[in-house]
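Subject: Structure handover, with notes on contacts and salt bridges

Dear colleague,

I am passing on the structure that we spoke about, and I would be grateful if you could look through it alongside the notes below.

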Number of protein chains: 4
Amino acid sequence: MVVIMRTGATPKDVNRVVERLKAFGLGANVSAGVEKTVIGVIGERKGEAAEALEAMDEVERVVPILAPYKLASRNANPAGTLIEVGGVALGGNRVPVMAGPCAVESPEQMLEAALAVKAAGASILRGGAFKPRTSPYSFQGLEEEGLKILDAVRKETGLPIVTEVMDTRSLELVADYTDILQIGTRNMQNFHLLREVGRTRVPVILKRGMAATIEEWLMSVEYIMSGGNHQVILCERGIRTFETATRNTLDLSAVPVLKELTHLPVIVDPSHGTGKWKLVAPLSKGAVAVGADGLMIEVHPRPEEAVSDGPQSLTPQRFAGLMAELGPVAASVGRSI
Amino acid sequence: MVVIMRTGATPKDVNRVVERLKAFGLGANVSAGVEKTVIGVIGERKGEAAEALEAMDEVERVVPILAPYKLASRNANPAGTLIEVGGVALGGNRVPVMAGPCAVESPEQMLEAALAVKAAGASILRGGAFKPRTSPYSFQGLEEEGLKILDAVRKETGLPIVTEVMDTRSLELVADYTDILQIGTRNMQNFHLLREVGRTRVPVILKRGMAATIEEWLMSVEYIMSGGNHQVILCERGIRTFETATRNTLDLSAVPVLKELTHLPVIVDPSHGTGKWKLVAPLSKGAVAVGADGLMIEVHPRPEEAVSDGPQSLTPQRFAGLMAELGPVAASVGRSI
Amino acid sequence: MVVIMRTGATPKDVNRVVERLKAFGLGANVSAGVEKTVIGVIGERKGEAAEALEAMDEVERVVPILAPYKLASRNANPAGTLIEVGGVALGGNRVPVMAGPCAVESPEQMLEAALAVKAAGASILRGGAFKPRTSPYSFQGLEEEGLKILDAVRKETGLPIVTEVMDTRSLELVADYTDILQIGTRNMQNFHLLREVGRTRVPVILKRGMAATIEEWLMSVEYIMSGGNHQVILCERGIRTFETATRNTLDLSAVPVLKELTHLPVIVDPSHGTGKWKLVAPLSKGAVAVGADGLMIEVHPRPEEAVSDGPQSLTPQRFAGLMAELGPVAASVGRSI
Amino acid sequence: MVVIMRTGATPKDVNRVVERLKAFGLGANVSAGVEKTVIGVIGERKGEAAEALEAMDEVERVVPILAPYKLASRNANPAGTLIEVGGVALGGNRVPVMAGPCAVESPEQMLEAALAVKAAGASILRGGAFKPRTSPYSFQGLEEEGLKILDAVRKETGLPIVTEVMDTRSLELVADYTDILQIGTRNMQNFHLLREVGRTRVPVILKRGMAATIEEWLMSVEYIMSGGNHQVILCERGIRTFETATRNTLDLSAVPVLKELTHLPVIVDPSHGTGKWKLVAPLSKGAVAVGADGLMIEVHPRPEEAVSDGPQSLTPQRFAGLMAELGPVAASVGRSI
């Protein structure tokens with residue numbers, strides 16, 4: 001890191017900072033400019049040191065120069081990480097599509113959805129048994145019953161499943177049933193949950209917090225990886241901005257930014273990213289074109305009857321049409337669906 | 001709610017929507033304009049109906065007209081709610097100040113901080129035993145040991161305490177020790193935690209999510225209240241914007257907005273709201289002037305040695321100076337500190 | 001529009017609003033719900049009426065139901081508008097690429113850039129003679145001399161040119177030289193400039209304001225069109241969010257949203273949208289895949305020597321590589337570059 | 001500034017950067033860390049050098065360490081600047097209030113408003129003759145006729161006036177009439193206008209752009225000051241965020257941040273900052289408590305009949321009530337209204 005001293009800092013002030021660095025076991029390279037003095041810090045970066053230094057009146061600010069994540073960093077695995085789930089590989093040349101309804105509603109609804117998305121070419125089935133809902137009066141999910149339905153549909157169709165885990169208490173239960181755990185946008189910084197998911201060996205999709213910077217997101221990945229679970233997939237699902245024409249603003253630039261910063265697979269959820277089914281097809285194509293390693297798309301047999309997210313769900317017919325159109329886009333960037 | 005039909009919707013389309021409303025047990029008042037038809041919906045608002053209607057192609061959008069929260073609504077208690085904790089009342093004429101370090105570090109540090117803030121006029125002690133940290137490599141709190149330290153300091157000083165709970169699994173433990181539970185910004189939509197906190201009878205401070213709208217915040221309050229715990233205090237702590245001169249943008253307008261929408265007490269945390277100790281004093285005064293019912297301020301005996309949030313912590317001397325200045329500001333708006 | 005009355009509004013209050021509507025020549029369709037009364041307004045929407053009604057204490061809020069723009073609306077030309085400039089059509093099947101340096105620096109630099117981008121397949125040349133710079137101490141552009149250089153390069157290469165106009169005073173001068181006027185992000189709501197550009201008959205690219213909603217952007221288009229100039233091209237160039245990994249957040253969802261709302265061509269500028277040359281290629285592909293009608297890309301013979309925007313400029317070699325890759329992407333969505 | 005090299009940069013790479021710095025007349029202090037090399041740059045900071053260096057592949061990023069504004073910097077006049085207009089001083093102990101309608105509508109309306117705000121204690125009259133309106137179909141202001149009305153009302157009441165200038169072409173006209181020029185939020189980066197206003201000697205209020213960082217705002221001040229006009233007043237008027245309960249989010253923390261960074265007076269506009277008259281009183285008090293040097297408040301004799309901004313305008317009675325309440329708040333922070 002680099003310490004920038006306040007204008008007017010005296011040599012004595014600089015010395016005090018250098019002594020403080022020494023106490024943290026860090027070296028200092030002082031560069032006295034005409035107006036300000038800058039101190040290059042030598043040694044391993046420590047968050048604690050940075051905050052302690054910023055609390056000193058002599059210091060204007062501290063500029064970190066190393067990424068605060070290590071296991072998630074591209075350097076940790078320059079070739080890129082491949083995550084395999086039930087025969088489906090994420091992070092390779094193929095761009096798998098995960099599809100299904102927002103919520104598990106009934107065995108019939110899930111089976112109908114699963115058969116339809118499988119027929120159209122999806123390779124992983126999504127469906128929520130625990131539902132994070134803004135209102136306590138909205139449907140909260142079928143919980144364990146929903147997990148059992150997912151399990152039955154998996155057996156029937158052969159599709160691996162991904163479903164959301166919402167808190168530490170239900171983690172074991174969900175992990176017992178699912179092929180991939182999903183951590184939702186509102187839990188991206190639920191650190192206890194991240195820590196416990198890190199102790200499982202179940203692959204996990206970590207959605208971006210709706211106001212999270214890319215660096216914070218990678219730090220949440222680091223929570224999981226530092227527990228020993230290295231099978232993390234990042235999912236861009238839109239961030240919150242002032243724009244109201246879409247439910248969120250899907251940040252497709254996050255995909256190539258992440259591909260440079262981390263070795264992990266990056267997928268995109270255009271359903272939550274836009275909130276409108278009409279926008280799902282163009283943004284899916286855009287996601288594949290910018291280099292996404294997978295897509296997660298909401299599909300419901302009858303969106304008008306969905307208990308949640310109907311407005312952003314594709315019908316099976318529309319989904320099949322989209323899948324047919326995605327192939328050429330993937331091919332145009334050297335990949336396949 | 002009001003349903004706005006798409007331009008070009010036919011009488012048959014309108015009829016289909018009216019039938020759908022009937023299926024939800026709702027009446028319809030159709031108003032055919034020159035360019036668009038609008039349907040006023042009669043009956044209790046149901047979130048499910050709104051989403052289902054928005055999923056219909058004939059419908060452009062659905063405009064809710066009633067607030068989606070009920071227990072939290074000002075109408076539920078127009079006179080305003082007073083919450084009493086250890087002899088301190090929140091929501092009344094007095095504006096209590098909660099102060100203390102970000103994290104519990106040691107018995108000595110907590111006692112020193114507690115005696116200092118009490119001497120300066122604070123009436124509630126804050127301190128974190130479980131710490132939500134962006135990095136898995138940062139200090140995560142003393143956990144149960146920290147709770148025991150808080151308990152001992154409470155006995156020594158008589159100050160009631162407020163401390164953070166981070167997940168469902170540790171709720172019972174934290175609730176056993178603390179006078180007020182705190183739910184942090186990253187957990188504002190940790191719905192399972194909200195639900196379980198709603199089943200306790202411990203007063204709770206719910207901080208605003210850094211990207212949460214005021215309506216979403218009140219819906220999270222509703223989660224807690226619908227469980228039976230009506231002792232909820234809202235805490236504005238800054239939202240995330242593009243501005244980088246401050247850690248967050250403290251939204252002081254949220255205070256009078258909330259005082260109109262809800263009957264619950266509203267407090268302000270200028271320490272997290274700004275991230276810089278120099279800004280804590282002016283923003284504390286601003287918070288009192290706009291009508292806050294309390295303040296939460298970080299104070300550390302030696303900010304340079306704090307394990308977290310040193311840059312935004314006041315020294316005891318600065319805190320005492322601020323407390324002296326706050327009295328006249330409170331008096332100027334008819335209140336007292 | 002729809003008027004939502006305050007809770008507790010009396011029939012007398014409702015009547016007062018109905019009378020006020022009559023004074024504006026508008027009819028009313030009153031729908032008394034259980035908790036709130038809603039008034040459907042019949043007649044042409046008038047902004048003045050909406051604001052006047054919102055200023056009434058009896059009124060909670062006014063919900064507009066018609067788009068406030070008319071000439072820009074998709075309904076005004078459902079087939080879509082084709083804008084032709086120097087033999088290049090925007091809004092059709094082909095996706096033309098505009099390329100060149102941020103600023104005109106010298107005749108040699110412009111000619112070198114122009115020949116390079118033309119050889120790679122660009123069909124329009126960009127270059128700024130008037131430069132909006134954040135600092136008054138930065139290079140402000142060659143002004144008229146820059147326009148003359150652009151003119152000479154156009155003659156030499158046959159490429160039509162696009163260049164920015166910054167204020168009303170220099171509009172006539174710029175319009176005399178350029179094939180397409182560009183209005184930058186900071187001037188999107190410079191209403192006097194919009195009005196005067198509306199009186200010319202020169203095609204204009206209107207960049208999105210960095211904090212502008214899509215509706216506000218279309219209202220700025222309406223300013224130009226209502227003056228009689230119907231040749232407007234919208235350019236998405238990134239919006240401002242909390243994310244700092246990119247200079248702006250490129251909102252690719254704006255492209256399909258606009259294609260539904262307006263009949264005008266929509267192009268994308270991934271150079272300003274990301275601020276980093278490495279991100280220009282993937283985001284260019286994403287833009288074409290979501291349906292953009294054109295691209296605007298910064299190319300400089302030697303980015304390290306550029307007087308502005310070097311970090312986001314492609315070298316001619318990188319640009320040529322990108323152009324070769326864009327063809328298949330365009331083909332995959334049924335278009336050509 | 002500090003140059004941070006990419007991980008893996010070789011001594012040859014470092015040398016190339018040092019040579020490039022030399023070419024700009026700058027010295028270099030190389031600090032080789034374990035993982036990254038950092039170069040402290042010695043000599044005057046040049047924006048051009050920073051951009052050129054960032055365009056080099058060897059360079060990861062460039063961190064500026066000096067503020068890019070000089071004339072606006074607090075260092076340029078540590079004691080603070082007092083701006084006097086018609087006997088009213090801004091930047092001193094007193095906190096003057098500017099009040100009046102959004103738009104000049106008629107001689108009667110302006111005179112009525114002026115007499116009312118004067119009686120209540122306002123010392124400067126506001127009113128727009130040129131109105132920046134989102135829609136081309138909305139009232140655009142009385143233009144020169146409006147300026148004449150303002151002039152007449154000034155003579156009648158003795159109140160100095162502030163009115164908005166929207167473009168370079170009308171600057172001379174507006175400057176001839178007004179005591180204080182106002183530059184609105186949408187023109188904060190209308191650089192040609194800033195430059196020309198800098199050549200006048202008329203005091204100017206520069207409103208913050210709704211998506212402008214504080215640093216960008218100060219750079220716009222620098223544009224005006226570098227032309228020789230040092231009488232600049234900054235006006236916080238709310239920024240754009242995701243929150244929809246208020247028209248903008250009034251950033252009161254900007255006031256103390258600016259008071260540290262610049263020597264110029266800082267005022268607050270709670271009318272535009274909130275968009276709702278009910279919020280104007282509490283936010284006005286908050287603004288005074290955080291240290292604002294003045295207030296700008298919209299007052300209309302009959303808000304329901306206002307041609308613009310009725311919903312956020314106070315009636316004369318409410319304004320008089322607010323003025324009475326502001327005195328004690330100002331006194332509580334050692335100032336007067």
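In what follows, a residue is called buried when its relative accessible area is under 20%, exposed when that value is over 50%, and partly exposed in between. Please keep in mind throughout that this is a predicted model.

With that cut-off in hand, Asp251(A) is to be counted as buried, because its relative accessibility is 0%. Its partner is Arg208(A), with which Asp251(A) forms a salt bridge whose closest N and O atoms are 3.0 Å apart. The pair links distant parts of the chain, since Arg208(A) sits in the loop between strand 11 (204–207) and helix 7 of chain A, while Asp251(A) sits in the loop between strand 12 (232–236) and helix 8 (254–261) of chain A, 43 residues apart. Arg208(A) is likewise buried, with a relative accessible area of 0%.

A second salt bridge in chain A joins the side chains of Glu58(A) and Arg16(A), at 2.3 Å from N to O. This pair also links distant parts of the chain, with Glu58(A) in the loop between helix 2 and strand 4 of chain A and Arg16(A) in helix 1 of chain A, 42 residues apart. Glu58(A) is buried at a relative accessible area of 12%, whereas Arg16(A), at 36%, is partly exposed. Chain A also holds a network of salt bridges that links Asp151(A), Arg154(A), Lys155(A) and Asp179(A). Over all chains, the count by this rule comes to 100 salt bridges.

Turning to the contacts between chains, I begin with chain A and chain B. Their contact takes 55 residues from chain A and 55 residues from chain B, and the area buried between them is about 4,700 Å², of which carbon and sulfur atoms give 44%. Across this interface there are twelve salt bridges, one of them between Arg169(A) and Glu196(B), where the closest N and O atoms are 2.7 Å apart. There are also 33 residue pairs in polar contact across the interface, both residues being at pLDDT 80 or more. On the side of chain A that touches chain B, the elements giving two or more residues are helix 1 (11–23), helix 2 (47–54), helix 5 (168–177), helix 6 (191–199) and helix 7 (214–225) of chain A. The residues of that side divide into 21 nonpolar, 14 polar and 20 charged.

For chain A and chain D, 20 residues of chain A are in contact with 20 residues of chain D, and the buried area is about 1,800 Å², of which carbon and sulfur atoms give 65%. In chain A, Ile65(A), Leu66(A) and Phe242(A) lose the most area to chain D, together 25% of what that side buries. Between these two chains the count is zero salt bridges, and there are four residue pairs in polar contact, again with both residues at pLDDT 80 or more. Here strand 1 (2–5), strand 2 (27–32), strand 3 (37–42) and strand 4 (59–63) of chain A each supply at least two residues of the side that touches chain D, and the residues of that side divide into ten nonpolar, four polar and six charged.

Chains C and D are joined by a salt bridge as well, in which the side chains of Glu304(C) and Arg16(D) meet at 2.7 Å from N to O. Glu304(C) lies in the loop between strand 14 (295–298) and helix 11 (316–332) of chain C and Arg16(D) in helix 1 (residues 11–23) of chain D, so the pair joins two chains. Glu304(C), at 21% relative accessible area, is partly exposed, and Arg16(D), at 39%, is partly exposed. Ser138(C), in the loop between strand 8 (124–126) and helix 4 (144–157) of chain C, is buried at 16% relative accessibility; leaving aside residues up to four places away in sequence, Ser138(C) touches Arg133(C) and Glu48(D).

Finally, the cysteines: a search of the whole structure finds zero disulfides over all chains. Cys235(B) is in no disulfide, the nearest cysteine sulfur being that of Cys102(B), 13 Å away, and Cys235(B) is buried at 0% relative accessibility. In chain D, the sulfur of Cys102(D) is 13 Å from the closest cysteine sulfur, in Cys235(D), which is too far for a bond.

With best wishes

Methods:
Residues numbered from 1 in each chain as written. Chains lettered and ligands numbered in written order. Predicted model: local features only at pLDDT ≥ 70, side-chain atom pairs only at ≥ 80, totals over all residues. Heavy atoms only, no water. Contact = heavy atoms within 4.5 Å. Buried area = accessible area lost by both parts, 1.4 Å probe. Salt bridge = Lys/Arg side-chain N within 4 Å of Asp/Glu carboxyl O. Polar contact = N/O pair within 3.5 Å; in protein donor to acceptor, adjacent residues only side chain to side chain. Helix = DSSP H or I, 4+ residues; strand = E, 2+ residues; numbered from the N terminus. Nonpolar A, V, L, I, M, F, W, Y, C, P; charged D, E, K, R; others polar. Disulfide = S-S within 2.5 Å. Buried < 20%, exposed > 50% of the residue type's maximum accessible area, 1.4 Å probe, protein only.
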